[in-house]
Amino acid sequence: MSYLTISENEWQKAENFFKDPRNATKKLRRQEDPFYQKEDTSIHSFIMVGNDIYALAANEYIGTGTYGNVKIGQNRRGEIFAIKIEGSDELRNEEDMVVKAMRRIGYFFGQFLRPLGKEINFKDTNTEHKLYSVYKFRDGEELYDCLIENNYSFTQKLIIAIKCCLSIQKLHNKSIVHADIKPENFKAQIQGNNIKIKTLDYDFSVILNRGAKYYKGETFCGTQGYIAPEIMNEFKYSFASDIYALGILFKEDLRLPSTLYHSMIAKTRNARPTMMAVLKTLQEELKHQIDLDEDAYEVIRFIEYYKIPTDNPVLAAQYLKKVGADPNDALPYYKKERTNKVQKRTQEIEERLAKFGNKRQQII
């Protein structure tokens with residue numbers, strides 16, 4: 001989906017500009033266009049990060065913060081990214097744990113340091129450079145903004161809670177502790193019971209070593225009120241500390257009944273439930289609601305197959321039958337997964353053919 005409308009002439013101009021190695025650390029500024037007018041958003045600036053050229057949205061920020069601003073960026077293929085612009089005289093260390101975590105989940109795509117030729121004050125930072133960082137674009141609103149009016153139904157709140165858990169579990173599956181869970185760090189798209197939630201902001205995230213139950217830091221990080229006791233007292237970060245923060249979110253922000261979160265905010269991490277146990281509790285509560293539609297039933301079915309201990313559809317059906325679920329519920333997901341794998345493989349083959357200039361018949 002393309003957010004920006006960029007002419008072929010603009011792309012060619014940018015590509016020619018960055019062919020010159022001397023321009024690798026420069027920005028092709030829209031002000032340099034002979035037809036530039038400040039109010040005209042059809043003319044774009046361009047930067048190059050790695051081997052990709054990005055067009056930047058004109059006169060519009062999708063986010064502003066203490067240290068930087070965020071613009072939409074778009075590459076030649078029409079893919080959308082979030083470009084964060086900060087005042088800094090150095091690149092982020094690729095060996096930094098946060099960078100490694102963002103790379104691992106496919107959220108961080110690269111960075112570019114642009115010399116300004118003079119010192120400026122940017123966001124209360126004196127700098128001679130601007131740092132451009134390319135991140136995966138998360139569509140939607142911050143969950144914090146969605147919850148300000150707090151006019152969602154109980155069913156919607158349960159689904160929001162489930163989707164928050166699932167988004168954090170994706171990190172846990174890659175041995176990553178988010179470590180700063182709060183409504184501001186989720187992006188939400190809410191249309192009735194059709195709800196999508198994605199995580200944001202991994203500036204405090206840590207990676208657990210294989211087999212490790214926690215990461216021992218040098219200090220505590222996170223947002224006051226959501227920080228687990230073991231982080232405050234011992235600087236120990238774990239999946240259980242994320243469970244604690246989710247429990248606080250359920251209590252303070254979603255205002256769910258205490259029966260759904262009381263064990264999550266236990267003072268000791270070993271007393272807290274696993275993420276799967278939390279999901280099952282929320283699922284059982286969701287099943288008893290009277291305003292369920294197909295979107296809500298989809299969430300219920302999803303949790304049934306979420307932790308199926310096999311990739312074999314036959315064994316999966318046996319497992320679902322054992323836990324009291326309908327085996328037929330799993331089949332659409334396996335079909336979808338199979339279709340996605342075929343499409344991905346087809347795309348890889350086509351890209352390989354295009355790269356080497358071979359015809360399909362020659363491969364076959």
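Colleague: Is the crossing of H4 and H6 left-handed or right-handed?

Modeller: The crossing of H4 and H6 is right-handed. To read the hand, look at how the near helix is turned from the far one: anticlockwise by less than a right angle is left-handed, clockwise is right-handed. Helices here are DSSP runs of H or I, at least four residues, numbered from the N terminus. This is a predicted model, where local features need pLDDT of at least 70 and side-chain atom pairs count only at pLDDT 80 or more, while totals for chains, interfaces and linings use all residues. Residues are numbered from 1 along each chain as its sequence is written, and side-chain values use heavy atoms, with hydrogens and water left out.

Colleague: At what angle do the axes of H4 and H6 cross?

Modeller: Axes are lines fitted to C-alpha atoms over the stretch in contact, with angles from 0 to 180 degrees between N-to-C directions. For H4 (residues 154-172) and H6 (residues 239-253), the crossing is at roughly 165°, and the axes come within 11 Å. That makes H4 roughly antiparallel to H6 (over 145 degrees; under 35 is roughly parallel, 65 to 115 roughly perpendicular, the rest oblique).

Colleague: Which residues in H4 meet H6?

Modeller: Contact means heavy atoms within 4.5 Å. From H4 you get Ala161, Cys164, Cys165, Ile168 and His172, and they meet Phe239, Asp242, Leu246 and Phe250 in H6. By class, that contact has seven nonpolar residues, one polar and one charged (Ala, Val, Leu, Ile, Met, Phe, Trp, Tyr, Cys and Pro count as nonpolar, Asp, Glu, Lys and Arg as charged, the others, Gly among them, as polar).

Colleague: And how do H6 and H7 cross?

Modeller: H7 covers residues 275-287, and its axis comes within 11 Å of the H6 axis, crossing at roughly 25°. That makes H6 roughly parallel to H7. H6 passes H7 in a left-handed crossing. On the H6 side, Ile243, Leu246 and Phe250 meet Met275, Val278 and Leu282 of H7. That contact has six nonpolar residues, with no polar and no charged ones.

Colleague: What about H4 and H7: how far apart are their axes?

Modeller: The axes are 10 Å apart, and the two helices pack at about 160°. H4 and H7 are therefore roughly antiparallel to each other, and their crossing is left-handed. Among the residues making the contact are Phe154, Leu158 and Gln169 of H4 and Leu279, Glu285 and Leu286 of H7. The class tally is 13 nonpolar, four polar and one charged.

Colleague: How many cavities of 30 Å³ or more does the search find?

Modeller: Rolling a probe the size of a water molecule over the atoms shows where empty space is left. Here the whole-structure search finds one cavity of that size. The largest cavity has a volume of about 80 Å³ (a cavity is a set of points on a 1 Å grid over the protein atoms alone where a 1.4 Å probe fits but cannot get out, and lining residues have an atom within 4 Å of a point; points join across faces, edges and corners, and the volume is the space filled by probe spheres set on them). Of its 13 lining residues, Ala179, Asp180, Tyr226, Ile227 and Ala245 lie nearest the centre. H6 gives the most to this lining, with three residues.

Key
1 Å grid on protein atoms, 1.4 Å probe; cavity = no way out; pocket = protein on both sides within 12 Å on 5 of 7 lines; lining within 4 Å.
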